[in-house]
Amino acid sequence: MNDAKLKTLLKTFYFPKLSSSKNLKEAVLRQLETQKQIENTVFSTLPLRSISLWGVALCTFLGIFFILKALPNEFLKRLDFLINFPVEYSFLVLSALFAVFVSDQFFIKKRNVL
Amino acid sequence: MSYSEAPQKMELNSNEIVDFKNGKKAVFAKFIEVYKDRIYNNVIRFVCNQNDAEEITQRVFIKCYQECSKFRGEAKLSVWIFRIAYNESLNFLKKRNKWVFDEAISHKRRTIQAPIVFENLERQDKKELIEKAMRILKADERWVLILWCYEDLSYNEIAVYTGFTLSNVKIKLHRAKQQLKQELEPFKNHFYE
């Protein structure tokens, strides 16, 4: 079977040209209208995504700051680590989340912007 | 500004593209009219399911509306919407875990079991045979094949439409064609009775 035959075969038997449902356009426009109404609330006006991003960035900065502060004295460093371990662990998790958010943003933009 | 209903093959002109980027509803309605059948047809061939294709097509247009300001106009509008259609279709299938099973099978490159009786294949049976063969293909190979077959695009154009490199397109398309030919070869005489 050559390429031309394969093409003809597909075009003939596998989903030859169909028409989408007549009300597809209306359905999309209706959904957009509904979405607009839902989004138009007090909370939707807040840039929640940016706030969470900046929040996580701040936490990361503070985490690094506290770790560096504890560095000079070896004993204090260990003590500090034990006391602050839960906090630092949270910072670590938040840092990972931050990285995920940033990469998410980056790939969304990269995929859809042409 | 008012816009007339667009015929099937009409494209948006430069003024309309500007209005589209600004999210004007009237021109967006025309945009849907221009692309809905093209997107729907290719998506249904990709997912092999009418209801899913309807849903994905709607999602594609909603996504287009949400992201219209990001369209920079460096590529054709059709390239942009086709990439969104491919990403939305993939995401849809992944979320529903529908393709996971098929993908797993596809890696093993299974072969279609020949039906016991295939002397008189009906049109529907023929379609199902091809559908099974299509499902064996990997998602990206299937999409490349659809663009090659139904959109009549060249290798270079497919590379632009998908974002794959030219050599990657050639490999994927070659694999897809070989796989389909291999699967359909035993039945080829029955397709042209």
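How many residues does the contact take from chain A, and how many from chain B? I began my notebook with this one, keeping in mind that the model is predicted.

**Entry 1: the contact.** I found that chain A gives 26 residues to the contact and chain B gives 41 residues. Next I looked up which elements of chain A are involved. Helix 1 (3-13), helix 2 (24-39) and helix 5 (74-112) of chain A each supply two or more residues to the side that touches chain B. I then sorted that side of chain A by class, and it has 15 nonpolar, 5 polar and 6 charged residues.

**Entry 2: chain A as a whole.** I went through the secondary structure and noted 5 helices and 0 strands in chain A. Along the sequence, the pattern reads α-α-α-α-α. I also checked burial: of the 114 residues in chain A, 11% are buried.

**Entry 3: two loop residues in chain B.** Where does B:Cys48 sit? I found B:Cys48 in the loop between helix 2 (25-47) and helix 3 (50-67) of chain B. Its phi is near 60 degrees, which is a positive value in a residue other than glycine. B:Cys48 counts as partly exposed because it has 19 C-beta neighbours inside 10 Å, while a buried residue needs 20 or more.

My other stop was B:Asp152, in the loop between helix 7 (139-150) and helix 8 (155-162) of chain B. Here phi is near 50 degrees, again a positive value in a residue other than glycine. Is B:Asp152 buried or exposed? I noted B:Asp152 as exposed, because it has 10 C-beta neighbours inside 10 Å and the cut-off for exposed is 12 or fewer.

Key
Residues numbered from 1 in each chain as written. Chains lettered and ligands numbered in written order. Predicted model: local features only at pLDDT ≥ 70, side-chain atom pairs only at ≥ 80, totals over all residues. Contact = placed C-beta atoms within 7 Å. Helix = DSSP H or I, 4+ residues; strand = E, 2+ residues; numbered from the N terminus. Nonpolar A, V, L, I, M, F, W, Y, C, P; charged D, E, K, R; others polar.
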